Amino acid sequence: MFRQPDECAQIVRSTLMIVSETVRKQIEGASWIRRMFEEGIRLKKERGAENIFDFTLGNPTEDPPREVRAALLKLAGQNAPGSHGYMPNAGFPEVRRKLAESLKRDTGVPFTENHILMTVGCAGAMNTVFKAILNPGDEVIVPMPCFPDYRFYILNFSGEMVPVETDASFELDVAAIQSKITPKTRAIILNSPNNPTGVIYSEAVLRELEGVLQRADHPIIVISDEPYKSFVYDGATCPETASIISNCIIATSWSKTWSIPGERIGYLAISPRIPEAESLSQACTFTNRILGFINAPAIWQLATAEAPDALPDLAGYREKRDLLCDGLAEAGYEVLKPQGAFYLFLKTPIPDDMEFTRILQAEGVLAVPGRGFGRSGYVRLSLTVSRDTIVRSLPFFKKALEAVK
Ligand SMILES: Cc1ncc(COP(=O)(O)O)c(C=O)c1O
C-alpha cells in the first residue's frame, strides 16, 4: 500500500516538530518519486526483488564509460600538487577553458573560461543561479510537466514558480509562455530533452521564443537545464538553446551522461550575449560559495577535462526504449515514443494516474504518478532498468490494463 498524503503528513507532524513550517509543508506536498522508491524497497522485501519491476528512479544502472573510469584512476595515481586543494571558486581555470572551447565550437557563441562555473551537479548549478538572480516575489516560468524539484529551487530564494502548459505533444506553447510574462518575470526554465516527457524542443519553437524575449520590456533569462543533452534517439538532434536564445544560461551535469549522479559534478555556462554576463558570472561564483558548495568536487572537475568526449551507451538505452514502447503499444497502451532523455511518460488508460499506479503496483510494477510532475493522467517509467526487467514486466503491464477494461 502507498502511504496516503494524510498519513505522511501525520508522520511529518509527529516527528519533525523542530523542522520549519515551510519545509514541513514542502515535505508533505513533495517527493512522489522518493516515496515510490521507498515503497519499492518494502515490496521487494515482501515479495522478492525478482517479482518487483521498479521503474521509478532516474538513477542510471550502467557503469560509467570506460574512459571516465580510466581518467579517474589516472588522476588518483598522479596525485598532482594542488589537485585536492581549494582552487578558484569557479573551478580549475584549465578545465573551464576546455569546456568553454567545446561550447564555443558547438554553439558558435564566444564562451570563455570566465563564463563557466563548475558546480555541484545540475541541481547545484540551478540553485546557484537562482540565488544570484531572484529577488523575493520574482517569477520563474516553467513549462509543464516538469522535474518536481524546480519548485523548491525557486522557493529556496523566495521566488514564485509560474507553471505554463505545453501542447498536446508536450512541445512548448510560446503564446502561452508570452501570456504569463509580467514585470516580475525573471527567468524561464527549459529542459530539453525533457524529464519526464522525452520531448526535444524544436529549433522553430525556440526561435519563436527568442522573438518574444527580444520584444519583452526587461531582460528575461532562459535557464537551459540540459542534463539529458546526450540522450537523443533515431538520428534526432537537440538544438543548441544557447545558439538561439540570447539570454541563455546553460545548467547541466555529467550525472546522467556518465552514470555518476552520486559524484555531483556539473557546470553553469553564462552566455556572453547576456547584458552584464561578466558580473552575472561573478555573482554566481559568489553564490556558489555562500550556498556552502564552495567549489565543485576537484577530482571530478579534472576528470571532465580528461575524458571530454565520453558518451553514454545510447544503443543500449534505445534498445530498452523500443522494447518498452513497442511492448506496451502491443499490449494496447497509447504510447508516445520519447525522442530523448531516458523516460517514458505513459498515458494511463484511466484518467486517475494515482489509481492506475496502485493497479500497476498490485502487479509488481512501480511507476511514478504523472501528478508528481504536474500532469495527471500519466505515469513516468524510467529506462534506467535492465533489459531483463522490461521483458519480464510486460505481461504485468498487460494485466494492469486488462484490470481497467
Ligand atoms: C531535469 C533535471 N534537472 C536537474 C536534475 C538534477 O541533476 P543533478 O543530479 O546533476 O543535480 C535532474 C535529475 O534527475 C533532472 O532530471
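Q: Which residues does F111 touch, leaving out those up to four places away in sequence?
A: In this predicted model, F111 touches A100, L103, K104, I116, A242, I250, A269, I270, S271 and P272, once residues up to four places away in sequence are set aside.

Q: And what core does F111 sit in?
A: F111 belongs to the largest nonpolar core, which has 54 residues, and F111 is listed with I116, M118, I188 and L209 as the residues with the most contacts inside that core. As general background, nonpolar side chains tend to be buried together in soluble globular proteins.

Q: What other core is there?
A: Another core, of 31 residues, lies apart from the largest one, and its members include Y317, F342, L346 and V385.

Q: Let's go to the sheets; in what order do the seven strands come?
A: The seven strands form an open sheet in the order β2-β8-β7-β6-β5-β3-β4, and the pairing in this sheet is mixed. Its edge strands are β2, residues 116-119, and β4, residues 160-165, each of which pairs on one side only, and from one strand to the next the twist averages 20°.

Q: Which helix packs on that sheet, and which strands does it touch?
A: Helix α5, residues 93-107, packs on the sheet and touches β2, β7 and β8, with its direction making about 115° with that of β2.

Q: How many bridges are there between β7 and β8, and in what sense do they pair?
A: Strand β7, residues 248-253, pairs with strand β8, residues 266-270, in the antiparallel sense over five bridges, and within this pair A251 stands opposite L268 in β8.

Q: OK, what about the sheet of three strands, which order does that have?
A: That open sheet has the order β9-β12-β11 with antiparallel pairing, and its edge strands, β9 (343-347) and β11 (368-369), each pair on one side only.

Q: Is β9 mostly covered or mostly open?
A: Strand β9 is mostly covered, since four of its five residues are buried. Helix α13, residues 314-331, lies across β9 and β12 and runs at about 10° to β9, whereas helix α14, residues 353-362, lies across β11 and β12 and runs at about 45° to β12.

Q: Switching to the ligand, which residues come nearest?
A: Of the 14 residues around the ligand, those that come nearest are D225, Y228, S253, S255 and R264.

Q: What are the distances for D225 and Y228?
A: For D225, an N or O atom in the side chain is 2.7 Å from a nitrogen atom of the ligand, and for Y228, a polar side-chain atom lies 2.7 Å from an oxygen atom of the ligand.

Q: And which part of C122 lies 2.9 Å from the ligand?
A: With C122 the atom concerned is a backbone N or O, which lies 2.9 Å from an oxygen atom of the ligand.

Notes
Residues numbered from 1 in each chain as written. Predicted model: local features only at pLDDT ≥ 70, side-chain atom pairs only at ≥ 80, totals over all residues. Heavy atoms only, no water. Pairing = 2+ DSSP bridges. Helix = DSSP H or I, 4+ residues; strand = E, 2+ residues; numbered from the N terminus. Axes fitted to C-alpha atoms, helices over the stretch in contact; angles between N-to-C directions. Contact = heavy atoms within 4.5 Å. Buried < 20%, exposed > 50% of the residue type's maximum accessible area, 1.4 Å probe, protein only. Core = buried A, V, L, I, M, F, W, Y, C linked by side-chain atoms within 4.5 Å. Near = heavy atom within 4 Å. Polar contact = N/O pair within 3.5 Å; in protein donor to acceptor, adjacent residues only side chain to side chain.
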